[in-house]
Amino acid sequence: MKNGRQEIGVLKPFDVVISGGGPAGAWAAARLATGGAKVALIDGSHPREKPCGGGVTGRALALLGGSVQGLADGVPIASASFAYQGRLQTMPLADDGQPLRLAVVSRRIFDAQLLARAERAGATVLRTRVTDLARASDGWAVSTRDGAVHARWIIGADGPGSLVRRRVSVPFERADLSIAAGYYVHGATSRQIDIAFEEDSAGYLWSFPRPDHLAVGACAQADVSSTADLLRLSAQWIDRNVRTGTRERYSWPIPSLRAATLERERPCGDGWLLAGDAAGLVDPVTREGIFFALMSAEHAALSLLEAGDASRAYSTRVRDTIYSELILAARLKARFFRPQFMGLLLSALGRSSRIRAIMSDLVAGEQPYHTLRRRLLSTLELRLMLELFGMK
């Protein structure tokens, strides 16, 4: 050991090197190491607080199988509110005795638990930064600030600005990114998430409660909005609705891929896979990404551990279970944020228990897009369905 770090120069080659220690990278490392693979996870920044909502849905919790403890450190969400042009509707998300549907966690704590899980499974965690990668006789030579690591496979789980992606594929275009910007409001919290639709930025504003602060922010496409605009919207919402607490500013890019981009996206190739945000696996409407990060990590581990063509297996799994849903979401996004639809939605939320149930399931990650039209049709809210699906 040197300065708390393992001597990279004396490490033998790995089966898989993972760049990025967030949920996608840490969970892939845990699953691969559990399966017997020799894995190195490289990240010098995690765990850290991340400027996002921090919502972990019930389906994400189910995927983890109870292996991550301490979610009690998060906030179990009891209700959600939706606001547009001065109109407000609130609905419950949890009933006593029912399984947890949505929790808001500190990313620093949540990511630390996943990293600990990977280490307990036998993964080698190298707390340094990947600086480059190149083809080598044994697969890849991954350069870090502390030396080179060699492996047959590399997984890029290093976020929307992924260095791995830039080396093996192409970076995201600005039109395929959204900006999240806002403030941590320290000294305030609740058990409700608040969502306000913003007509000016064709996006939405959120307030997600964490144990000792609120994460308040606004999100819109990077090519039509700016960090300054979103910070202004966030500050105005805080002024109206919170008033107390100290503010800490943040901003962060989030993949929000167009349907055409998702249709041509390549999440893998010869000796490499992309997972989580690095693969653009974020819901374009809700911007929820933790579940998709974990699912892509699961797919990556299964594909690499089984015999056969790992790239083909991973591509098939991701396209069948993730990209197919995200493409539908991308096609709906423009209509979802139109003023006509938002007005109809707020009205329907006020009068229809079925619409409230659908929105509750969307927020909790339980309503897939491929059955949304059929379910809306069953509510008899025909104007709402026709406006969303462009059928008039």
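**Rings and charges**

Select Arg 373 and Phe 389: the arginine lies over the face of the Phe 389 ring, 5.3 Å from the ring centre. A charge counts as sitting over a ring if NZ of Lys or CZ of Arg is within 6 Å of the ring centre and within 35 degrees of the ring normal. Next, select Arg 165, which lies over the face of Phe 172 at 3.9 Å from the ring centre.

This is a predicted model, in which local features need pLDDT of at least 70 and side-chain atom pairs count only at pLDDT 80 or more, while totals for chains, interfaces and linings use all residues. Residues are numbered from 1 along each chain as its sequence is written, and side-chain values use heavy atoms, with hydrogens and water left out.

Now turn to ring pairs. The whole structure has nine aromatic pairs (Phe, Tyr or six-membered Trp rings with centres within 6.5 Å; planes under 30 degrees apart are stacked, over 60 edge-to-face, the rest tilted). Select Phe 197 and Phe 336, an edge-to-face pair at 6.0 Å centre to centre with 70° between the planes. Phe 197 is in strand 13 (residues 192–198) and Phe 336 in helix 8 (residues 310–336), so the pair links parts of the chain 139 residues apart (helices, H or I of at least four residues, and strands, E of at least two, are DSSP runs numbered from the N terminus).

Phe 336 is buried, with a relative accessible area of 10%, and Phe 337 is buried at 7% (buried is under 20%, exposed over 50%, partly exposed in between, with a 1.4 Å probe and protein chains only).

Finally, select Phe 82, Phe 197, Tyr 204, Trp 206, Phe 336, Phe 337 and Phe 341, which form one aromatic cluster.
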